[in-house]
Amino acid sequence: MNDPRNDGGGLSVRREGAVAVLAIDRVHKHNALSPAILQQLDTQLTLLQAATEVRALVLTGEGERAFIAGNDIEHLAQVDAHEAFALMEAGQRLVSRLRDYPKPVVAMVNGYALGGGLELALACDFIVASRQASFGFPEIRLNTFPGWGGTQLAVRAIGLARAKEMIMSGRRYSAEEAWEMGLVNRLCEPAHLHEETLALVATLIERDATCLSLAKRLCNGAEDWAFADGLGSEAALYGVNFSRAEARDGLRAFLGKSGERKHG
């Protein structure tokens, strides 16, 4: 059996100010995900979570053709049922970790976002896509289906009817189609993808990190909680946030600026 850890691929990490850019670097396989890359991603998420100087993450793929073209099919085709289950659990753990990550995570989609690649993108808070990008769950064409949370994430992102069509048809969707159905937050020309992504991130890292984390937790919870439970959580976390001096300082600063405008 070929060892996916020995194919020359991996994960590159670079810093751009307060932003960490994580890029899948397996261009010769359209950045298909191997078990080794999943482990590298998980390790980097741990390191970057502890790095207070890192305020946000960007996930992307190296090269111009692919964001992440899914799971490593060559490897997956050789595993048995027990190994397949373990691989799906590992992928789901990473997807769940991205979705619940305390810092904002933006997917910068430059090409194919298919299968596991689309699942990772959907686990991010925002998707910024090049007009050359394409999206889809091709698994049904291979007599299987998404296994890293795609059936759950897609329904939450685009609704039941559209998610069923995407998953059960196996069709690939253009960037424009993904934009129209609400899968993508921002759509831009390929030459402007990096600039557009960093512009979005810049608006996020200006905000209070704790407030961003709490707001993200509440928004994610809204998909799972009963409305009354969500309201209770919102009020409780609002109170928790008010235990910080930063919350009161922010309100006082606003009042100060309002007073200046009235008397200016």
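Good morning. At 17% relative accessibility, Arg-244 counts as buried, because buried means under 20% relative accessible area, exposed over 50% and partly exposed in between, with a 1.4 Å probe and protein chains only. I begin with this residue and then turn to the strands.

A word on the basis of the talk. This is a predicted model, in which local features need pLDDT of at least 70 and side-chain atom pairs count only at pLDDT 80 or more, while totals for chains, interfaces and linings use all residues. Residues are numbered from 1 along each chain as its sequence is written, and side-chain values use heavy atoms, with hydrogens and water left out.

Arg-244 lies in the loop between H10 and helix H11 (245-263). Helices (H or I, at least four residues) and strands (E, at least two) are DSSP runs, numbered from the N terminus. Not counting residues up to four places away in sequence, Arg-244 touches Asp-208, Thr-210 and Cys-211; contact means heavy atoms within 4.5 Å.

Leaving aside neighbours within four places in sequence, Arg-207 is in contact with Arg-55 and Leu-212. Arg-207 and Arg-55 are 152 residues apart in sequence, and 9.6 Å apart in space, C-alpha to C-alpha.

Let us now consider helix H10 itself. Which residues of H10 are buried? They are Gly-230, Leu-237 and Asn-241. These residues cover an arc of only 45° around the axis, which puts them on the same side of H10; the arc is that of the directions from the helix axis to the C-beta atoms. On the other side of H10, Ala-228 and Ala-235 are exposed. As for length, the 15 residues of H10 (residues 227-241) should span 21 Å at 1.5 Å a residue, and the end C-alpha atoms are 21 Å apart, which agrees. The expected span is 1.5 Å times one less than the number of residues.

I turn to the strands. Strand S1 (residues 10-16) and S2 pair in the antiparallel sense over 7 bridges; two strands pair if DSSP finds at least two bridges between them. Leu-11 has Ile-24 in S2 as its bridge partner. S1 and S2 form a hairpin with 2 residues between them, and Gly-17 in the turn has a positive phi of about 65°. Strand S2 (residues 19-25) is mostly covered, with 6 of its 7 residues buried.

S2 also pairs with strand S3 (residues 56-61), in the parallel sense over 6 bridges. Here the bridge partner of Ile-24 in S3 is Gly-61. From S2 the chain crosses through helix H1 (residues 35-50) to S3, and this β-α-β crossover is right-handed: with the strands pointing away from the viewer, the path from the first strand over the helix to the second runs clockwise.

Finally, what is the order of the open sheet of 4 strands? The order is S4-S6-S8-S9, with mixed pairing. Strand S4 (66-68) and strand S9 (172-174) are the edge strands, each pairing on one side only. The twist averages 25° from one strand to the next; axes are lines fitted to C-alpha atoms, for helices over the stretch in contact, and angles run from 0 to 180 degrees between N-to-C directions. Thank you.
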